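Have a go at each task before reading its solution.

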Amino acid sequence: MFKPQDVMDPNWIKQPTTELWKAISPLYAIDEDTWLRELMPLAEPDEHELKDAEDKATGLIEQVRADGDSIHMIDALLLEYSLDTKEGILLMCLAEALMRVPDADTADALIRDKLSVADWKKHLRNSDSLLVNASTWGLLLTGKVVTLDEKEDGTASGVINRLVNRMSEPVIRKAMQQAMKVMGHQFVLGRTINEAMKRGSEYRQKGYTYSFDMLGEAALTSKDAKKYFDDYMSAIEYTGNFVDKKVQGPRPSISIKLSALHPRYEVGQEERVMTELFDSVLQLIKKARSVNVAITIDAEEMDRLEISLHLFAKLYRDPACQGWGGFGLVVQAYSKRALAVLAWLAALANEQGDLIPVRLVKGAYWDTEIKLCQQKGLDGYPVWTRKEGTDVSYLACARFLLSEQIKG
Ligand SMILES: Cc1cc2nc3c(=O)[nH]c(=O)nc-3n(C[C@H](O)[C@H](O)[C@H](O)COP(=O)(O)OP(=O)(O)OC[C@H]3O[C@@H](n4cnc5c(N)ncnc54)[C@H](O)[C@@H]3O)c2cc1C
């Protein structure tokens, strides 16, 4: 049975990939407490590391505090209306849903439903930001207007109130939609790669770079898959050919979702995945390599992890990738298999005498993973069920990735 400390043994990753592969599946839903106890020593910082982390964190905090410009307007709004407040959750639900509501009546009903139940008053003057306070006033007044509407009293003033509400609804709707657009810009750099590249230029001049991710759903038909494939192809081409003389920093890369490139990207269709999906990604890799744009395969659902690794290995061993070092993948630390996957990837890179760029993240689909297991009535979960588990796993994985045996 695989033990976390094994990865720190320099000879461990020198084994054949087939050997290291055997460690992955048994960890799918391993008992959480047992596995956490075994991972802990790898995540534990020593005194020197703790001191380093503390100094660095202090330095960063001092830098941010000294820079009056560091918390931009929308950041201040998000800080005040964070997702651990009822009001923050309501705003996020509204931001997500409002954009997709096609008609004005439903949009008004949604705004009425969401804004009338929250306590906006308690956020007044909590923040130093003018925008936050102005928005809070707006939300407070909107909430008041829509609450009045709910009362539906039959008195003369009630009728006047309702009239005011009806007349003010389009104004509120417009203002809300505008606010949601501003918030959308915070998370989405551009509607097209050209727009994203232009909006990213300011930060790139400061030395930052981007890994461009395309928002979208999984492909349900071959037509969808073809559209996403064409979009990826042109994004790669555009990124590769984009020249901004003012930018000196590292080149941007493109992140790819396998689920967007094939309508049957699923375990039961392994043969099609390893041929048809393989061919699509290979074409993207060849184009990316020719224009010097690195590619990262995004990590998606837990049940597709092992098939995605099979596909990755086949692509990585293809001559189109050999000696490139620009083809990488994302690994999610909330998976109980994360460390074993990294050990296997290290062996794969070793086997090819090459690099595999790895982006270690915690994982974005936690709620979905939990819900899926509960729907199926499974006994265990492939992800940690406590945040601390994910954090420990992240630190253990990071320690392995930064260790000498990987560098060597
Ligand atoms: C450039 C980039 C690329 C990314 N690509 C991917 C990708 O391909 N695939 C992907 O899945 N994500 C991806 N992400 C998202 C990434 O997984 C999240 O940003 C990350 O989880 C947030 O971590 P944090 O350290 O900022 O937040 P933190 O607040 O420290 O952690 C939040 C995370 O903890 C975990 N968590 C929360 N509650 C629990 C719980 N009860 N039990 C166990 N774990 C819990 C979840 O993973 C949650 O996302 C990407 C992010 C970036 C910036």
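Helices (H or I, at least four residues) and strands (E, at least two) are DSSP runs, numbered from the N terminus. This is a predicted model: local features need pLDDT of at least 70, side-chain atom pairs count only at pLDDT 80 or more, and totals for chains, interfaces and linings use all residues. Residues are numbered from 1 along each chain as its sequence is written.

**Exercise 1. Describe the protein as a whole.**

Step 1. Start with the elements: the protein has 16 helices and five strands.

Step 2. Turn to burial, where a residue is buried if 20 or more other C-beta atoms lie within 10 Å of its own, exposed if 12 or fewer, and partly exposed in between, with C-beta atoms placed from the backbone. Of the 408 residues, 28% count as buried.

Step 3. Finish with contacts; two residues are in contact if their C-beta atoms, placed from the backbone, lie within 7 Å. Among contacts with a separation of 6 or more, 76% come from residues 24 or more positions apart.

**Exercise 2. Work out how α2 packs on α15.**

Step 1. Find α2 at residues 32–43 and α15 at residues 387–401. Their axes are 9 Å apart and the packing angle is about 40°. Axes here are lines fitted to C-alpha atoms, for helices over the stretch in contact, and angles run from 0 to 180 degrees between N-to-C directions.

Step 2. Name the arrangement: that angle makes α2 oblique to α15. Angles under 35 degrees count as roughly parallel, over 145 as roughly antiparallel, 65 to 115 as roughly perpendicular and the rest as oblique.

Step 3. List the partners. From α2 come Glu-32, Leu-36, Leu-39, Met-40, Leu-42 and Ala-43, and they meet Gly-389, Val-392, Ser-393, Leu-395, Ala-396 and Arg-399 of α15. By class, this contact has eight nonpolar, two polar and two charged residues. Ala, Val, Leu, Ile, Met, Phe, Trp, Tyr, Cys and Pro count as nonpolar, Asp, Glu, Lys and Arg as charged, and the others, Gly among them, as polar.

**Exercise 3. Is Tyr-232 buried or exposed, and what does Tyr-232 touch?**

Step 1. Tyr-232 lies in helix α10, residues 222–241.

Step 2. Count the neighbours: Tyr-232 is buried because 25 other C-beta atoms lie within 10 Å.

Step 3. Leaving out residues up to four places away in sequence, Tyr-232 touches Ile-254, Ile-256 and Leu-284.

Step 4. Leu-284 is one of the residues of α11 that meet α10, along with Ser-280, Lys-287 and Ala-288. The two helices pack at about 15° with axes 9 Å apart, and are therefore roughly parallel to each other.

**Exercise 4. Explain why Asn-292 counts as exposed, and describe its phi.**

Step 1. Asn-292 is in the loop between α11 and β3 (295–297).

Step 2. Asn-292 counts as exposed because it has 11 C-beta neighbours inside 10 Å.

Step 3. The phi of Asn-292 is near 60°, a positive value in a residue other than glycine. Most residues other than glycine have a negative phi.
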